[in-house]
Amino acid sequence: MEQTQTFLETKAEGAFKETPQGRLAGQVALVTGGCRGIGTAIALALAEEGAHVVINCRTGLQCQESQKVSAWIREHGGTVSVWQADVSVREQVDQMNGAV
């Protein structure tokens, strides 16, 4: 948890524009594991390029962590949603893809 917060604080120094209009504007990007580490960095980079980011989390605790990342993205002008699904369960993946 502390690593995610530290990363977000560091990233804030170089935060993206209020209204991202990057190369991915109008696209949706699904990021599994976006609540920590490399997944967080990927989610932020995709949002910075204008994508609507969908952060997939498997557990309730991961979804709580994902809310911190999603709040940061929104505060800096990006769009994001969080979806809980286990990617090893086909039905959950189908539901997530249908909603995205």
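Is Glu49 buried, exposed or partly exposed? Glu49 is partly exposed, with a relative accessible area of 23%. The legends below refer to a predicted model.

**Figure 1. The salt bridge between Glu49 and Arg23.** The closest N and O atoms of this pair are 3.2 Å apart. Glu49 sits in the loop between α2 and β2, and Arg23 in the loop between α1 (2-12) and β1 (28-32), so the bridge ties together parts 26 residues apart in sequence. Arg23 is exposed, at a relative accessible area of 72%.

**Figure 2. Helix α2 and its buried face.** With 12 residues at 1.5 Å a residue, α2 should span 16 Å, and the 17 Å between its end C-alpha atoms agrees with this. Gly39, Thr40, Ala43, Leu44 and Ala47 are buried in α2. Seen down the helix axis, these buried residues fall within an arc of 130°, so they line one face of α2. Gly50 follows α2 and has a positive phi, near 100°.

**Figure 3. The largest nonpolar core.** This core has 10 residues in all: Val31, Ala43, Leu44, Ala47, Val53, Ile55, Val69, Trp72, Ile73 and Val80. Two or more of its residues come from each of α2 (37-48), β2 (52-57) and α3. In soluble globular proteins, nonpolar side chains tend to be buried together. Leaving aside residues up to four places away in sequence, the core residue Val31 touches Gly39, Ile42, Ala43, Leu46, Val53, Val54, Ile55 and Asn56.

**Figure 4. Helix α3, with its buried and exposed residues.** Helix α3 (residues 60-75) has 16 residues, which at 1.5 Å a residue should span 22 Å; the end C-alpha atoms are 23 Å apart, in agreement. Its buried residues are Gln62, Cys63, Glu65, Ser66, Val69, Ser70, Trp72 and Ile73. They cover an arc of only 165° around the axis, which puts them on the same side of α3. Leu61, Gln64 and Glu75 are exposed, on the face turned away from that buried side. Just after α3, Gly77 takes a positive phi of about 95°.

Figure 5. Gln62 is buried, with a relative accessible area of 16%. A polar atom of the Gln62 side chain lies 2.8 Å from the backbone nitrogen of Arg58. Beyond residues up to four places away in sequence, Gln62 touches Cys35, Arg36 and Cys57. Glu65 is also buried, at a relative accessible area of 7%, and its side chain meets that of Lys68 in a salt bridge (3.2 Å, N to O). Lys68 is partly exposed, at 33%.

**Figure 6. The salt bridge between Asp94 and Arg90 in helix α4.** The side chains of Asp94 and Arg90 meet at 3.3 Å, N to O. The two residues are 4 residues apart in α4 (residues 90-99), a separation of about one helical turn. Asp94 counts as partly exposed, at 39% relative accessibility, whereas Arg90 is exposed, with a relative accessible area of 60%.

Key. Residues are numbered from 1 along each chain as its sequence is written. This is a predicted model: local features need pLDDT of at least 70, side-chain atom pairs count only at pLDDT 80 or more; totals for chains, interfaces and linings use all residues. Side-chain values use heavy atoms; hydrogens and water are left out. The expected span of a helix is 1.5 Å times one less than its number of residues. Buried means under 20% relative accessible area, exposed over 50%, partly exposed in between (1.4 Å probe, protein chains only). The arc is that of the directions from the helix axis to the C-beta atoms. A nonpolar core is a set of buried Ala, Val, Leu, Ile, Met, Phe, Trp, Tyr and Cys residues joined through side-chain atoms within 4.5 Å. Contact means heavy atoms within 4.5 Å. A polar contact is a pair of N or O atoms within 3.5 Å; within protein, one must be able to donate a hydrogen and the other to accept it, and residues adjacent in sequence count only if both atoms are side-chain atoms. A salt bridge is a side-chain nitrogen of Lys or Arg within 4 Å of a carboxyl oxygen of Asp or Glu.
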